[in-house]
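Here are my notes on the structure, as numbered points.

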Amino acid sequence: MQRDLELMEWLDRLGFEEAWIGEHHSAGFEIISSPELFIAAAAERTKHIRLGTGVISLPYHNPLMVANRIIQLDHMTRGRIMFGAGPGLLASDALMLGIDPKVQRDRMVEALDVILRLFAGEVVTEKTDWYELVEARVHLLPFTQPRPETVVASALTPSGGRIAGTYGLGMLCVAIGII
């Protein structure tokens with residue numbers, strides 16, 4: 001992790017515009033379990049590079065908590081945060097959490113919809129089969145207006161692109177070549 005933080009410093013010095021940090025829990029080779037914690041540390045070591053969650057696996061988190069953490073990073077970085085959302089790429093992560101991989105995309109869309117509404121300052125009351133919010137609202141509105149740059153992951157299926165298009169968001173393509 002120290003080497004990765006040093007890499008962020010070098011990328012910043014060399015003029016790279018952005019870096020994306022993903023969330024994984026089971027593969028053993030991508031070992032950052034909280035992109036937000038890593039980004040907070042990297043932001044203290046850099047000045048210009050934009051830092052993105054590439055991605056936060058939304059089915060693993062309460063959407064209010066995600067919204068508050070992204071907004072906090074948006075303020076701490078003075079607008080250098082980019083919010084990448086996805087369903088979670090590794091089925092092994094979901095299975096460890098007791099989540100059926102077949103419901104991950106639907107849960108991601110539910111959470112993303114709520115997070116975007118919270119970014120806009122809405123008060124949200126909503127109950128699903130995996131979270132409940134009662135008059136939920138964020139502490140602060142985002143530093144970046146109307147909200148931090150928000151993208152949806154697209155890996156192997158067209159669903160990420162459809163979701164990005166539905167909400168007018170960017171797309172983070174993490175396609176994997178299969179041989």
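1. Helix α6 (residues 159–167) lies across β6 and β7. The angle of α6 to β6 is about 155°. The model is a predicted one, and the points below should be read as describing that prediction.

2. The sheet to which these strands belong is open and has five strands, in the order β1-β2-β3-β6-β7, with parallel pairing. At its edges stand β1 (18–21) and β7 (170–173); each has a single partner strand, so one side of each has no neighbour in the sheet. On average, neighbouring strands are turned by 30° against each other, direction ignored.

3. Strand β6 (residues 149–154) is joined to β3 (residues 81–86) by four bridges, and the two run parallel. Within this pairing, M82 has E149 of β6 as its bridge partner, and F83 has T150.

4. On the β7 side, four bridges again join the strands, and β6 and β7 run parallel. Here V152 is bridged to M171 in β7.

5. How many of the six residues of β6 are buried? The count is five, so β6 is largely enclosed by the rest of the structure. Buried is taken here as under 20% relative accessible area.

6. Helix α1 (residues 2–13) passes a simple length check. With twelve residues at 1.5 Å a residue, α1 should span 16 Å; its end C-alpha atoms are 17 Å apart, which agrees.

7. Which residues of α1 are buried? They are L5, M8, E9, L11 and D12. Viewed down the helix axis, these buried residues fall within an arc of 165°, so they line one face of α1. In general, an α-helix has 3.6 residues a turn, so residues three or four places apart point the same way.

8. The face of α1 turned away from the buried side carries R3 and R13, both exposed. The cover over the buried residues of α1 includes β1, α2 (35–45) and β2 (50–57).

9. Just after α1, G15 takes a positive phi of about 90°.

10. To summarise, β6 is bridged to β3 and to β7, and α6 lies across β6 and β7. For α1, the buried residues line one face, with β1 and β2 among the elements that cover them.

How values were computed: Residues numbered from 1 in each chain as written. Predicted model: local features only at pLDDT ≥ 70, side-chain atom pairs only at ≥ 80, totals over all residues. Heavy atoms only, no water. Pairing = 2+ DSSP bridges. Axes fitted to C-alpha atoms, helices over the stretch in contact; angles between N-to-C directions. Contact = heavy atoms within 4.5 Å. Buried < 20%, exposed > 50% of the residue type's maximum accessible area, 1.4 Å probe, protein only. Expected span 1.5 Å × (residues − 1). Arc of directions from axis to C-beta.
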